Amino acid sequence: MSVLTRDEALSRAKLLDVHRYTIELDLTTGDETFESVTVIRFAARANGDTFVEVRPDTLHSVTLDGEPLDPGTLDDNRLALHGLSAGDHELRVRADMSYSRTGEGMHRFTDPTDGETYLYTQLFMNDVQRVFAAFDQPDLKAVFDLSVKAPENWTVLANGITEHLGEGRWKAASTPLVSTYLVAVAAGPWHTVRTEHRGLPLGLHCRRSLAPYLDADADEILDITRACYDRYHEKFEEPYPFDSYDQAFVPEFNAGAMENPGLVTFRDEFVYRSAVTDTERQTRAMVIAHEMAHMWFGDLVTLQWWDDIWLNESFAEYMGYQTLTEATRFDGTWTEFGVVRKPWGYDADQRPSTHPVAPEDVDDTASALLNFDGISYAKGASALRQLVTWLGEKDFLAGINTHFARHRFANATLADFIDSLAAHTERDVHAWADAWLRTTGVDTLTPTVSGANGDRALTVTHHGSRPHRVAVGLYDLDLADEGRHLTLRSRLEVDIPQSAPQPIGKRPALLLLNDGDLTYTKIRFDPESFETVRANLCGLPDPLTRAVVWNALRDAVRDGELAPTAYLDAARAHLPQETDLALVQAVLAFAAGQIADRYVTPEQRPAALAALAALCRDLIRRTEDGDHPGLRLVAVRHYIAVAAHPDTIAAWLADGTVPGGPELDPDLRWRVLARLAVLGATDADAITAELHRDPSAAGQEGAARCRAALPDQAAKEQAWAAMFSSDGLSNYLFNATAQGFWQPEQADLVSGYVPRFFEDAVAVAARRGPAIAEAVGRWAFPAHAVDADTLRLGEACLATAGPTPALRRKLVDQLDDLTRALRVRTAHRPTSS
């Protein structure tokens, strides 16, 4: 597919003024294709040539101002429009378009539970042309009129309120001026919950088979929606800009959610059919808040070109966390951000593929797609949080409201955004933007304490280039509590770089930089503070403070400065006393997924798994009183994941419960069966029986994961063929199969597939497109194979022109993570006795 370049977009925007799209979709023409008729009314500002994008299965006809054009002139996804005269024009395109099974364009899904079919669009970046013809770039906004023919028992949702005209025909209200990538349709026999808030129609929608689970959570979801809506109206002077607010939970969705104006689509795993922790409910709430923020920042005011995607995502990320904290019961959101989202940004920012938050070299849409990563989301949100700390929230919000007023229903750039902020402060926001948004990498702050007795001073060594305003926490040991509890003596504000050492009085037991986690930086400990952390981490009173410490330990492991086994020791010592679920989940995830699976040697892995299993047993014992069901659920999940022997978890599966609870719901049953498959303690018949018990879409994915995990050569070959040869797997079934395939316990069994990966991955990525390419690089990469041969094979693959941009980016990241793991192993190789 031809990608759109920035220069082409600039030229077309200078030539065209697009007024209105009238789109008719017929979703009753079969299981493989649908009919799309598009009429585009636009004006040319001068005589010239341009093109429109469309990716049809069959292009039936094209007329420009009533004159037919030759459909045979379609070149890949571009239809040339030659000899346009200045003035108004009408382009009409009729085509059959293909349904997608990869979450791109018009995705089609049939629910295995009841056989019902659902369709929804995901038109982000350049996939609108899979559904209708368009001048597909964000700065050519237009009004959209949409009509849809669907099966008689279906409901059709769109950006505006839809009306059923009878006989399966639906018409949506005209949109305001919006970008092509934000047009949305969702059609099927939806289960719907409707209400309204302050005159605004609200709707929740999901598959019928998920109806009881949505109904159980509808009040919670709607309460969060209303609370965020009200809080945004307190922050923003511009009222909500669309005629309704529907939230549709759709199957096999590639992202967490998509901010289509008036019709936000979410992955339907957010409709919980098994037990979840309160932290997971908080995550769902944050995504709701994030997507609603986009209604203003992204939909009302839209980026001009994809180099400013951070303006969409960083703002929504920051505003989602902050607003959730202010307006709902979820007041610990920044702790979860600190231990889950920020490490995503830190990791991305230390790889060769790093880029500035606001890059200047996004030359085409393929390059832009690669920037939807931890930098555009987590680092950008961290930068905005530091900006608010530096600027003050009052001036920040004043600048935001000026930005909305200046660019409502239009497009804006980074320069526009900074100018809006600068109008409300004496601070040099432009210099701040250059330092924070145009640079790459993570700064590191290291403390040194000098002086004697009660006359100590702090000097912070700054490795990096960005200015920071950080809080420094001074903590003393509470000797009355057996030396385990730490109390905050004082919290100082320090500007980095320092102009002079900071007096701190007497020596604290712990000196913690970036206390409160208000900036984006790695921190280190002075020797005395590190010893305090080793002995007393769980004695810190605030979970966000503990999050900063755990992140520092994580960074030290990844940088080869702290032995992976020392991190496990800290987890073993302090996690049994932890009360914050986000911290427990994050520490266990890093300990199991990175340390046990990658950073320790194969010889050390059994001991690492044993330590984690013992830790999980401690947590399970601690929660026997039933007062901490979320913590118990986390411990049970992780015990299953690290079980080295099948007996205990097999007994749980046979009994249908963990002794003392919880009962094994579908999620836990599939987790147990998957681990039993890895350990060779189940078989294909047991997997089939479990699928008969749970024939849902999630059950289909669980079965695919289990079958691929069986330690059997025939099962491995069947899974490999399904992923790389047949093209029959949907995006979610591909992910599940890939997740099951590679297992550290089966390294010898699958060693022959490691070299095959780099050849077969290139082919399937080229054949199936960016979504599958990303899945191949993320889930199907042999991450367990931490050795020089894997690195050599990967580097040889990158040296060719074979990998598509999406796959190349994932391989670059995976190989850098592999190189880091090799460095960690080398730095902390166990000595022989």
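Two strands count as paired if DSSP finds at least two bridges between them, and strands (E, at least two residues) and helices (H or I, at least four residues) are DSSP runs numbered from the N terminus. On that basis, an open sheet of 3 strands has the order β25-β24-β27, with antiparallel pairing. The model is predicted, so local features need pLDDT of at least 70 and side-chain atom pairs count only at pLDDT 80 or more, while totals for chains, interfaces and linings use all residues. Residues are numbered from 1 along each chain as its sequence is written, and side-chain values use heavy atoms, with hydrogens and water left out.

**The sheet**
- The edge strands, each pairing on one side only, are β25 (485–496) and β27 (510–513).
- Neighbouring strands of this sheet are turned against each other by 20° on average, direction ignored; axes are lines fitted to C-alpha atoms, for helices over the stretch in contact, and angles run from 0 to 180 degrees between N-to-C directions.
- Strand β24 (residues 468–478) runs antiparallel to β27 and is joined to it by 4 bridges, and Gly 473 has Leu 512 of β27 as its bridge partner.
- Helix α11 (residues 527–536) lies across β24, β25 and β27, at about 100° to β27.

**The α16–α17 pair**
- The axes of helix α16 (residues 629–642) and helix α17 (residues 647–655) come within 9 Å and cross at roughly 125°.
- Contact (heavy atoms within 4.5 Å) is made by Val 636, Tyr 639 and Ile 640 of α16 and by Thr 648, Ile 649 and Trp 652 of α17.
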